[in-house]
Amino acid sequence: MSTLALSIALGLLAVRPGHAEEVTLTVALAANPQMETAAKLIDNFYAKYPDIKVKFQTLPENQLRPTVLKDVATKSGQFDVVMIGAYEVPLWAEKGWIANLSKEYVEKDTEWKADDLLTPIRDLVSFKGDMFATPFYGSSSFMFYRKDLFDKAGLKMPEQPTWDQVAEFAAKLDDKANNLSGICLRGIPGWGQSLAPLTTVINTFGGRWFDEKWEPQLSSEKSREAINFYVKLLKEHGQPDAAKDGWQECLQLFTQGKTAMWYDDTVFAGPVIDQANDQVKGNVGFALAPIKVKPGSGWLWAWGLSIPTTSKHQDAAWKLISWLTSEDYIKLAGEKAGWGTVPPGSRQSTYKLPEYEKATKDYADLTLKSISAANPLKPTVDPVPYTGVQYVTIPEFEQIGDFTSQQLAGAISGQMSADDAIATSESKIKEIMEDAGYIK
């Protein structure tokens, strides 16, 4: 064959179906148990799409957020798929940083079954009715507790305890001589770390971040009461060095039998049972988020997968995120990694799978009840100008939350009083809100 004929033949081969150019997607993920499972199962995606390769960059939440924000805000195009939370979705969609998945893909991809998504979670990853992320999982918050320790102490956990009851339980179960804390709560700084559970406490105590005129309200009677309660509970009956602990540390402490209660995300129910030591396994109980004044105090959250508008491989990116958030993926994760580890709270069909129902019988109903009870449109007792249960959906909240949580970590560690932390935070919040034009 002549050189010219060979060149033509090779050229025709290159454009034949099945010989597409290989694409590599760079994906930013949070270092959560469900995301780690996704990385382990990626060979199943390659079997379906051999011309697409995936490079995962898995980061702790506090590192993921600034890394991804910098990439999309500066339009550097480092990532083709990014995992972002419910807080970021509407803010980034409004700025045009992430693709409108409804218009570009969801409406055309009937196999993905958008109607199967849980409505509260779908709403979290939407902006003006269109989806800008696919929900990898959805969640609320509830209480984990040790049934054996409660029985031994003659205590009974209600399906929905009050925070006053929780404090009483923590005091009775606290056994520092035997390395057992009454409760474990997040204390590490970060608007998505310690402020997530703390804000739900503020809400149910009748407090709020801002009044209707955007004036800061942390020093108001109810907010101050809630913050002091949280700090005191951790200092008196929480885990040692609580100011350095996030969900990872509390998960480890609970599964190792070093704390009697843990208030956190419903998504950790499966990992708790999966990772529990022999002493804890079989003794894990679950209860709805504790309340004070306002009922339905659990948070509402979703981690979603979005495509930055700077990605040069958006069609391939959709193939990946639609696979990762499909019914088929949930079944695959259950079969390969265990039914308790599949991404919860995203699809209605998940809760109808016999294997999942059996594996999650102790907490699946409470998870759905918690998700349904949370109301991001009315998160507080008194009226507020914002939405969001465990956060405030304004761009400035990231700065506000990170600063405030730093001050509160100082209070938890004993470096300052809770009231001093509140005063310092409120002064900074007012400055931020004035600079941003919320307060005239």
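Contact here means that heavy atoms lie within 4.5 Å of each other. The model discussed below is predicted.

Q: Which residues does tryptophan 323 touch, not counting residues up to four places away in sequence?
A: Let's start with where this side chain sits: tryptophan 323 lies in helix α14, residues 314-324. With heavy atoms within 4.5 Å as the test for contact, and leaving out residues up to four places away in sequence, the partners of tryptophan 323 are Leu41, Ile42, Asn44, Phe45, Tyr329 and Leu332.

Q: How far apart in space are tryptophan 323 and phenylalanine 45, C-alpha to C-alpha?
A: Phe45 is one of the residues that tryptophan 323 touches. Along the sequence, tryptophan 323 and phenylalanine 45 are 278 residues apart. In space, C-alpha to C-alpha, the two are separated by 7.4 Å.

Q: Is tryptophan 323 buried or exposed?
A: Buried means under 20% relative accessible area, and exposed means over 50%. Tryptophan 323 has a relative accessible area of 9%, so it is buried.

Q: Why can the protein be called as compact as a globular protein of its length?
A: The protein has 19 helices and 10 strands. For 440 residues the globule rule gives 22 Å, and the protein comes close to that, so it is as compact as a globular protein of that length.

Q: What share of the contacts with a separation of 6 or more comes from residues 24 or more positions apart?
A: For some background, 58% of the 440 residues count as buried, and the C-alpha trace spans about 85 × 55 × 35 Å along its principal axes. Among contacts in the protein with a separation of 6 or more, the share from residues 24 or more positions apart is 75%.

Q: Which residues have the most contacts inside the largest nonpolar core?
A: The largest nonpolar core has 153 residues. One of those with the most contacts inside it is Phe397, which touches Trp209 among others, not counting residues up to four places away in sequence.

Q: How many residues of helix α10 are buried?
A: Helix α10 covers residues 195-204 and is largely enclosed by the rest of the structure. Its buried residues include Leu195, Pro197, Ile202 and Thr204. The count of buried residues in α10 is 10 of the 10.

Q: Which elements do the buried residues of α10 pack against?
A: Leu195, one of the buried residues of α10, is among the residues that phenylalanine 397 touches. Taken together, the buried residues of α10 pack against α9 (163-173), α11 (221-237), β8 (261-265) and α18.

Q: Which residues is glycine 206 in contact with, leaving aside its neighbours within four places in sequence?
A: Glycine 206 follows α10 and has a positive phi, near 95 degrees. Its place is in the loop between α10 and α11, and it is buried, with a relative accessible area of 11%. Glycine 206 and aspartate 382 are 176 residues apart in sequence, yet 7.2 Å apart in space, C-alpha to C-alpha. Leaving aside neighbours within four places in sequence, the contacts of glycine 206 are Lys222, Val381 and Asp382.

Q: What is the relative accessible area of arginine 186?
A: Arginine 186 lies in the loop between α9 and α10. Its C-alpha atom and that of proline 197, 11 residues apart along the chain, are separated by 7.3 Å. Arginine 186 is buried, with a relative accessible area of 4%.

Q: Is aspartate 241 buried or exposed?
A: Aspartate 241 lies in the loop between α11 and α12 (247-255), and its phi is near 50 degrees, a positive value in a residue other than glycine. Exposed means over 50% relative accessible area. At 56% relative accessibility, aspartate 241 therefore counts as exposed.

Q: Which residues does glutamine 407 touch, not counting residues up to four places away in sequence?
A: Glutamine 407 has its place in helix α18, residues 397-412. At 13% relative accessibility, it counts as buried. Not counting residues up to four places away in sequence, glutamine 407 touches Met416, Ala421, Thr424 and Ser425.

Conventions
Residues numbered from 1 in each chain as written. Predicted model: local features only at pLDDT ≥ 70, side-chain atom pairs only at ≥ 80, totals over all residues. Heavy atoms only, no water. Core = buried A, V, L, I, M, F, W, Y, C linked by side-chain atoms within 4.5 Å. Buried < 20%, exposed > 50% of the residue type's maximum accessible area, 1.4 Å probe, protein only. Helix = DSSP H or I, 4+ residues; strand = E, 2+ residues; numbered from the N terminus. Rg over C-alpha atoms; globule rule 2.2 N^0.38 Å.
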